[in-house]
Amino acid sequence: MRLLLVEDDAMIGESVHLGLTQDGYAVDWVKDGQTADAALDSEPYDLLLLDLGLPSKDGLQVLRGLRARQKDLPVLILTARDAVADRVAGLDAGADDYLVKPFDLDELAARIRALLRRRAGRAEPLMRHGALSLNPARHEVTLDGVPLRLSAREQSVLLALLERPGLPLSRAQLEQRIYSWKDDVDSNAVEVHIFSLRRKLGAEWIQNLRGVGYLVPRTPPR
Ligand code: CA
């Protein structure tokens with residue numbers, strides 16, 4: 001999952017960036033509103049974490065511009081402004097949720113998972129597809145009830161594919177979903193993760209459509 005963090009406070013930014021990266025997200029961190037606009041136009045983010053008080057362009061302006069461009073990605077506002085009016089303005093401008101600083105990283109992570117679930121049209125925390133289940137909160141994947149040992153990147157690839165069984169994602173789309181700008185990406189990194197996933201799950205779980213991409217079959221293999 002690829003997140004954009006917009007936060008000009010170095011300490012908060014660093015702790016959120018570190019915490020979410022350790023949680024397996026690919027996080028790009030920018031520190032002002034105009035850079036946020038540029039990033040939002042160039043990368044396919046799954047979620048936006050947005051501070052309101054920002055240099056160059058206010059968070060509310062970024063949010064209004066985003067919704068005006070009909071971008072429907074989930075937006076969680078992170079703000080020190082505890083005035084009710086600011087929170088109302090943020091929600092009315094199209095934010096999906098907010099956290100008032102200082103906040104707990106565990107709560108932030110749980111709210112992110114809830115927003116991503118809703119975006120994928122799921123209410124329950126566990127993703128299931130036939131005998132396969134993935135729990136994003138606990139980083140657990142089981143097949144026929146047996147836990148599998150997957151790396152964080154392998155889980156990210158699997159999660160992206162499980163969000164839309166039957167629909168392929170290209171190598172470039174998977175790269176954009178699981179790596180941030182900071183990551184040094186080998187040209188065959190996605191293939192390596194796919195190879196490893198097929199070895200651990202069974203090759204039938206991930207199909208390769210030549211020249212198109214990879215998919216989890218719509219009908220689960222078992
Ligand atoms: Ca700020």
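Leu 49 has Leu 76 as its bridge partner in β4.

First, the ground rules. This is a predicted model, in which local features need pLDDT of at least 70 and side-chain atom pairs count only at pLDDT 80 or more, while totals for chains, interfaces and linings use all residues. Residues are numbered from 1 along each chain as its sequence is written, and side-chain values use heavy atoms, with hydrogens and water left out.

Now the sheet. Strand β3, residues 47-51, and strand β4, residues 75-79, run parallel and are joined by four bridges. Helices (H or I, at least four residues) and strands (E, at least two) are DSSP runs, numbered from the N terminus. Two strands pair if DSSP finds at least two bridges between them. Five strands form the sheet. It is open, its pairing is parallel, and the order reads β2-β1-β3-β4-β5. At the edges sit β2 and β5 (97-100), each pairing on one side only. The twist averages 20° from one strand to the next. For angles, axes are lines fitted to C-alpha atoms, for helices over the stretch in contact, and values run from 0 to 180 degrees between N-to-C directions.

Which helices lie across these strands? Helix α3, residues 59-68, lies across β3 and β4, at about 150° to β3. Helix α5, residues 105-119, lies across β1, β3, β4 and β5, at about 175° to β5. Contact here means heavy atoms within 4.5 Å.

Next, the metal. Which residues give the protein donors of the calcium ion? Asp 8 (OD), Asp 51 (OD) and Gly 53 (O), lying 2.1 to 2.3 Å from the ion. Their spacing in sequence is D-x42-D-x1-G. Asp 8 is in the loop between β1 and α1 (10-22), and Gly 53 is in the loop between β3 and α3, so this pair ties together parts 45 residues apart in sequence. Donors are N, O and S atoms within 2.8 Å of the metal, or 3.2 Å for Na, K and Ca; water is not among the atoms, so sites may look incomplete. Asp 8 is partly exposed at 35% relative accessible area. Gly 53, at 31%, is also partly exposed. The cut-offs: buried is under 20% relative accessible area, exposed is over 50%, partly exposed is in between, with a 1.4 Å probe and protein chains only.

Last topic: charge pairs. Side chains of opposite charge can pair when their charged atoms come close. The whole structure holds 17 salt bridges, each a side-chain nitrogen of Lys or Arg within 4 Å of a carboxyl oxygen of Asp or Glu.

Take Arg 2 and Asp 28. Their closest N and O atoms are 2.6 Å apart. Arg 2 is in strand β1 (residues 2-6) and Asp 28 in strand β2 (residues 26-30), 26 residues apart. Are they buried or exposed? Arg 2 is buried, at 2%. Asp 28 is buried, at 1%.

Compare Glu 124 and Arg 128, with N and O 3.7 Å apart at the closest. Glu 124 is partly exposed at 38%. Arg 128 is exposed at 55%.

Then Arg 177 and Glu 163, at 3.4 Å, N to O. Arg 177 lies in helix α7 (residues 171-178) and Glu 163 in the loop between α6 (152-162) and α7, so the pair ties together parts 14 residues apart in sequence. Arg 177 is buried at 11%; Glu 163 is partly exposed at 22%.
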